[in-house]
Amino acid sequence: MYPPGAPEPIDLVLQGGGVKGIALVGAVDRLLARFQVQRVAGTSAGAIVASLVAAGYTRDELRAAMMALPYNEVRDRVLPVPLLGEVAGFFASDGLYRGDFIEEWVAKHLAEKGVHTFADLRLEPDDGADPLLYADDHAYKLVVTATDITRGRGLRLPWDYRDAFGLEPDKQSVAEAVRMSLSIPLYFVPRELVDTRSGKVSRIVDGGVMSNFPVELFDRQDGQPPRWPTIGAGIIPDLPGADSTLVPGLPTNLPGAFGVLEATVATAIVGHDQTYLAQPRNAERVFRAGTDSVGVVDFNIKKHEKEQLVINGENAADGFLRAWNWEKYLGRFFPL
């Protein structure tokens with residue numbers, strides 16, 4: 001199907017998971033060794049990695065950038081005073097941390113590849129693409145997910161800028177969209193978007209609130225078979241299990257209302273996606289790296305722990321690729 005030795009095209013979807021996202025570095029490294037990514041989507045930490053891939057970071061550059069990210073500085077207090085800063089953020093700003101540091105870090109690294117707004121990530125014209133997913137507002141290399149908690153809807157940025165807010169997608173900051181995607185509720189201060197038509201202000205939080213692993217995002221809607229696969233790289237296990245690994249050290253099976261709250265939060269993060277990912281067509285095109293050793297907000301992670309997460313991502317991708325066969329997948333789920 002492809003010229004010998006040529007990279008095979010894929011679309012790529014990266015799951016969110018905070019610090020667990022370091023494992024995506026190893027997974028993506030292995031995928032980039034074999035495939036050429038056409039479009040990439042990500043949520044939360046997956047949005048950070050996805051943005052660098054879309055900007056054209058090589059395998060070595062991606063690894064170097066993500067491993068050098070000073071994770072302990074991501075927690076930028078509203079007031080620069082331990083504990084007091086968190087208290088001030090929680091009660092005065094709807095979040096413990098401002099989130100400015102990570103946005104500035106993403107903006108800096110994207111700028112090194114000449115990427116500032118989504119106009120810099122426009123796709124070239126493609127007559128064979130799905131016209132329903134290749135209209136003006138959809139023809140981008142990158143999509144990140146976020147959640148509008150004011151209107152109660154998920155956002156696919158830049159796809160939904162115009163429809164939801166009357167904003168021109170080409171003019172929107174990629175780094176700001178990534179920052180919105182990783183706005184863990186109560187942890188980072190929500191971002192705001194204003195509907196230019198009505199003046200209504202929406203608060204935007206982490207895309208994982210609605211869908212943390214939208215592997216079906218790039219699936220054709222015109223009834224035609226896909227020209228190449230979508231592959232999903234995950235970092236959070238299914239339930240049960242995710243409830244004990246999102247925040248290691250937190251007691252599980254808590255009694256009474258605390259147990260209900262814990263299970264509800266875990267289900268909100270994982271359960272929605274778990275339902276459709278269990279469908280055979282989706283289950284066979286995704287893999288997950290082991291990340292049980294760290295929690296979503298373990299920003300004091302040690303160097304050896306980061307290195308182990310990368311290795312876990314590499315191993316998970318290697319195992320997936322040994323079994324992956326596009327022709328067999330296509331024949332099973334899209335027979336002629």
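Trainee: How many cavities of 30 Å³ or more does the count come to?

Mentor: Rolling a probe the size of a water molecule over the atoms shows where empty space is left. On a 1 Å grid over the protein atoms alone, a cavity is a set of points where a 1.4 Å probe fits but cannot get out. Here the count comes to 2 cavities of 30 Å³ or more. A volume is the space filled by probe spheres set on the points, which are joined across faces, edges and corners; for the largest cavity that is about 190 Å³.

Mentor: One caution: this is a predicted model, where local features need pLDDT of at least 70 and side-chain atom pairs count only at pLDDT 80 or more, while totals for chains, interfaces and linings use all residues. Residues are numbered from 1 along each chain as its sequence is written, and side-chain values use heavy atoms, leaving out hydrogens and water.

Trainee: Which residues are the closest to the centre of the largest cavity?

Mentor: Lining residues have an atom within 4 Å of a point. There are 17 of them, and G18, V19, A45, I48 and F299 are the closest to the centre. Helix 2 supplies the largest share of that lining, 3 residues (helices are DSSP runs of H or I, at least four residues, numbered from the N terminus).

Trainee: And what does L142 touch?

Mentor: Contact means heavy atoms within 4.5 Å. Beyond its neighbours within four places in sequence, L142 is in contact with several residues, including V40, A50, F118 and V174.

Note on methods:
1 Å grid on protein atoms, 1.4 Å probe; cavity = no way out; pocket = protein on both sides within 12 Å on 5 of 7 lines; lining within 4 Å. Helix = DSSP H or I, 4+ residues; strand = E, 2+ residues; numbered from the N terminus.
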